[in-house]
Amino acid sequence: MPSNQEIHFDEILGQYRSDPYNYVDMHTVHTGMVRFLVEEGAEVEGASGEWMHKPGTRLYEMNRERNTKIITSKTNGTISSVCSELDGQFVEAGEKLLTIRHPLKKKEIIEGILQEVLFLFEAPERARYYFSLDIQSRIDQKGARAVFVQPGDEIFTMSLMKRDTPVYYAGEPGIIHSVYFTPGDSIDQGKPLIGVCAEDKLPVVQKVITRVKAEWE
């Protein structure tokens, strides 16, 4: 009989099988007059090129104070809905304009599953983050997945307004399974920095990753 953890993973896998897409809502970046450049059902592409220097498909333009700004797609997929009633209208910042249905790749599905089952330690503020010297030294020697953390460990240095502040881990004990940032990058508040996996869950997590790699097209 499967364990509760296996049943939980089967449910998650079933959700991805029935709907293997990510739905990306696009909102206005500021106030202005909107004019759509795509229609529902259109195929769109994200930025491309070695340096991602080729912009993606043009989605819409905004005009404010005689300045026109073209907004392009950051991902590939199909336009699943367009708020066409807003075409030619003045809209506020943050208004939803359209949705892109992005087909998930195997790597994205694995990452999505991991983010559902790992404990995600999030950035407490928008700032630059670095691993603490001790954690970075252990990662350099053996890799992140050999580093065990527990509540109270000094795990990060948060650099904000030219001031460095230690950040202490608060969450379930386990190994650092996934790292979601590059040290020194500016990270928004609430974005995950690391995903931690309890040691007793690790075999199940690895089993699911293996299944997705083997079964997914």
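Which residue forms a salt bridge with Asp25, and how far apart are the closest N and O atoms? The first view below gives the answer. The model is predicted: local features need pLDDT of at least 70, side-chain atom pairs count only at pLDDT 80 or more, and totals for chains, interfaces and linings use all residues. Residues are numbered from 1 along each chain as its sequence is written, and side-chain values use heavy atoms, with hydrogens and water left out.

**View 1. Asp25 and Lys96 form a salt bridge.** The closest N and O atoms of Asp25 and Lys96 are 3.6 Å apart. A salt bridge here is a side-chain nitrogen of Lys or Arg within 4 Å of a carboxyl oxygen of Asp or Glu. Asp25 lies in strand S1 (residues 21-27) and Lys96 in strand S8 (residues 96-103), so the pair ties together parts that are 71 residues apart in sequence. Helices (H or I, at least four residues) and strands (E, at least two) are DSSP runs, numbered from the N terminus. Asp25 is partly exposed, at a relative accessible area of 37%. Lys96 is partly exposed too, at 34%. The classes follow relative accessible area: buried is under 20%, exposed over 50%, and partly exposed in between (1.4 Å probe, protein chains only). The structure holds four salt bridges.

**View 2. Asp188 and Arg126 form a salt bridge between two loops.** Their closest N and O atoms are 2.1 Å apart. Asp188 sits in the loop between strand S15 (186-187) and strand S16 (192-197), and Arg126 in the loop between strand S9 (119-122) and S10, so this contact ties together parts 62 residues apart in sequence. Asp188 has a relative accessible area of 36%, which makes it partly exposed.

View 3. Arg138 is partly exposed at 28% relative accessibility. Asp134 is partly exposed at 46%. In general, side chains of opposite charge can pair when their charged atoms come close.

**View 4. Tyr129, Phe131 and Phe156 take part in aromatic pairs.** Rings of Phe, Tyr and Trp (its six-membered ring) pair if their centres lie within 6.5 Å; planes under 30 degrees apart count as stacked, over 60 as edge-to-face and the rest as tilted. The structure holds seven aromatic pairs. Tyr129 lies in strand S10 (residues 127-131) and Phe156 in strand S12 (residues 154-160), so the pair ties together parts 27 residues apart in sequence. Both Tyr129 and Phe156 are buried. Phe131 and Phe156 are stacked: 5.3 Å centre to centre, 25° between the planes. This second pair again links S10 with S12, across 25 residues. Phe131 is buried at 8% relative accessible area. Phe156 is buried at 0%. One aromatic cluster is formed by Phe119, Phe121, Tyr129, Phe131, Phe156, Tyr169 and Phe181.

**View 5. Arg101 places its charged end over the ring of Tyr21.** The distance to the ring centre is 4.1 Å. A charge sits over a ring if NZ of Lys or CZ of Arg is within 6 Å of the ring centre and within 35 degrees of the ring normal.

**View 6. Strand S2 pairs with S7 and with S4.** Two strands pair if DSSP finds at least two bridges between them. S2 (residues 32-36) and S7 (residues 90-91) run antiparallel over two bridges. Gly32 stands opposite Val91 in S7. S2 and S4 (residues 58-64) also pair in the antiparallel sense, over four bridges. Here Arg35 stands opposite Glu61 in S4.

**View 7. Met52 and Glu65 have positive phi values.** Most residues other than glycine have a negative phi, and most peptide bonds are trans. Met52, not a glycine, has a phi of about 50°. Met52 lies in the loop between strand S3 (43-44) and S4. Its relative accessibility is 53%, so Met52 counts as exposed. Glu65 has a phi near 50°. The loop between S4 and strand S5 (67-72) holds Glu65. At 71% relative accessibility, Glu65 is exposed.
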